[in-house]
Amino acid sequence: MAPQFTIPKTQKAAIVEKTDAPLKIVDNHPVKQPSELAPGECLVELDCSGVCHTDLHARNNDWPLPAKLPLIGGHEGVGRIVAIGEHTQSSPVKVGDRVGIKWLAYSCLDCEPCRKGLEQSCINGQYSGFTVDGTFSQYVVSWVTHVTPIPDNLSSAEAASILCAGITVYRAIKYSKAKIGDWIVLPGAGGGLGHLAVQYAAAMGLRVVAVDTGAEKKELVMKLGAEKWVDFRETKDLVKDIKEATDGFGAHAAVVTAANGAAYAQAIDYLRMGGTLMVVGLPARANLSADIFFTVVKSINIIGSYVGNRQDAREALDIASRGKVKCYYVTKPLSALSETYEGLAEGKIVGRVVLNMKE
Ligand SMILES: [Zn+2]
Ligand SMILES: [Zn+2]
């Protein structure tokens with residue numbers, strides 16, 4: 001028999017009522033009751049939720065597409081399924097299962113992008129903490145076909161940031177065409193996404209050139225498996241230094257998560273013939289400008305990569321559960337969300353912040 005859970009009527013939640021209003025932490029937000037769930041929906045009691053830069057973009061309404069309002073942000077949640085909508089057919093998960101909620105909350109599984117495995121670009125997609133309420137609350141409603149089972153040997157806090165930052169960089173490296181022994185450049189290697197990218201790349205047998213700044217980040221990325229280090233503040237010629245670090249020919253791939261266009265244009269210069277630029281950052285407004293002549297004569301590939309599908313999510317979590325990738329994070333209560341946003345805006349957060357929903 002499925003375990004029974006007591007579900008309260010109200011919960012703690014962090015709510016954005018208007019873009020320019022301060023974030024409101026309330027303890028009387030209604031919990032959708034099991035009888036109110038539609039077929040295919042599930043109710044998840046959250047242990048924790050990671051905080052991602054995307055949440056800040058959504059909160060500030062930075063993008064060409066507006067977020068829903070009022071909004072509960074968050075898309076790196078981990079918790080237990082406590083109810084599944086009546087009349088749900090052939091659910092791949094059951095009540096009591098520990099699951100993750102990622103950015104892509106729902107896809108139709110039937111449009112052309114979905115049929116081709118590009119669920120994240122589904123024309124009917126729903127996004128956690130953007131088009132539907134997300135994980136900065138104690139309970140969240142999601143879909144049984146899209147929640148991600150969490151491996152037993154990965155704690156909820158460890159799994160949280162893999163669900164967005166981990167999946168994003170894992171998929172970008174996977175589709176970069178880089179093979180064992182190839183050089184990959186990771187700008188921002190010491191940051192939230194970067195430090196996970198270094199570990200995934202190393203686990204996949206790639207040789208990592210880490211680009212970032214400062215002794216602390218250098219020590220971290222070298223410990224995590226980077227082979228070469230270029231400090232972008234100290235270097236006089238970044239392109240030359242990267243070429244020298246990669247046998248003189250340049251790197252086979254670069255995964256660029258930066259918010260400014262310059263980092264992307266630079267990559268065209270330090271990639272070798274046939275190299276691949278993976279475009280991953282989601283800046284509010286920036287253009288990608290590439291030298292057409294060299295893009296053509298060097299046979300450069302430029303590929304956009306957006307989070308990941310259900311399979312990418314399972315693979316990224318599986319690699320982490322086998323100890324190959326560890327996220328550096330600090331845990332805080334939900335009430336610390338405003339100060340976390342301030343820290344993110346100022347670039348002061350080292351690693352990731354995971355909010356404990358049980359506090
Ligand atoms: Zn994210
Ligand atoms: Zn679709």
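Predicted model: local features only at pLDDT ≥ 70, side-chain atom pairs only at ≥ 80, totals over all residues.

Visitor: Zooming out, how is the chain divided into domains?
Guide: Domain 1 takes 10-162 + 308-356, and domain 2 takes 167-304. Taken over C-alpha atoms, their centres are separated by 28 Å.

Visitor: And how many residues does each domain bring to the contact?
Guide: Domain 1 brings 18 residues and domain 2 brings twelve residues. On the domain 1 side, H1 and helix H10 (310-321) each supply at least two residues. H10 gives the most to that side, with five residues.

Visitor: What classes of residue does the side of domain 1 that touches domain 2 have?
Guide: That side of domain 1 has eight nonpolar, four polar and six charged residues.

Visitor: Switching topic: what does UniProt say about residues 18-355?
Guide: The UniProt record, an unreviewed entry, annotates them as "domain: Enoyl reductase (ER)". Over residues 18-355 the chain is 27% helix and 25% strand. The end C-alpha atoms of this stretch are 22 Å apart.

Visitor: Now for backbone geometry. Where is there a cis peptide bond?
Guide: Look at Leu69 and Pro70, which are joined by a cis peptide bond with omega of about -10°. Pro70 is in the loop between H1 and strand S4 (77-84).

Visitor: Which residues have a positive phi without being a glycine?
Guide: Ser90 is one of them, with phi of about 30°. Asp247 is another, with phi of about 60°. As background, most residues other than glycine have a negative phi, and most peptide bonds are trans.

Visitor: Where do I find Ser90, in which loop?
Guide: Ser90 is in the loop between S4 and strand S5 (98-101).

Visitor: Is Ser90 buried or exposed, and why?
Guide: Ser90 counts as exposed because it has 6 other C-beta atoms within 10 Å, and the cut-off for exposed is 12 or fewer.

Visitor: And where does Asp247 lie?
Guide: Asp247 lies in the loop between helix H7 (238-245) and strand S13 (251-256). Asp247 is exposed too, with 11 other C-beta atoms within 10 Å.

Visitor: What is Phe136 in contact with, leaving aside its neighbours within four places in sequence?
Guide: Its partners are Ala13, Ala14, Ser49, Ile72, Gly73, Gly74, Leu334, Leu337 and Leu355.

Visitor: How many Å separate the C-alpha atoms of Phe136 and Leu71?
Guide: They are separated by 9.8 Å, with Phe136 and Leu71 being 65 residues apart along the chain.

Visitor: Great, thanks for the tour!
Guide: Any time!

Technical notes
Residues numbered from 1 in each chain as written. Chains lettered and ligands numbered in written order. Domains from an automatic or database assignment. Contact = placed C-beta atoms within 7 Å. Helix = DSSP H or I, 4+ residues; strand = E, 2+ residues; numbered from the N terminus. Nonpolar A, V, L, I, M, F, W, Y, C, P; charged D, E, K, R; others polar. Buried ≥ 20, exposed ≤ 12 C-beta atoms within 10 Å, placed from the backbone. UniProt positions renumbered as here; feature names shortened; annotations may be inferred.
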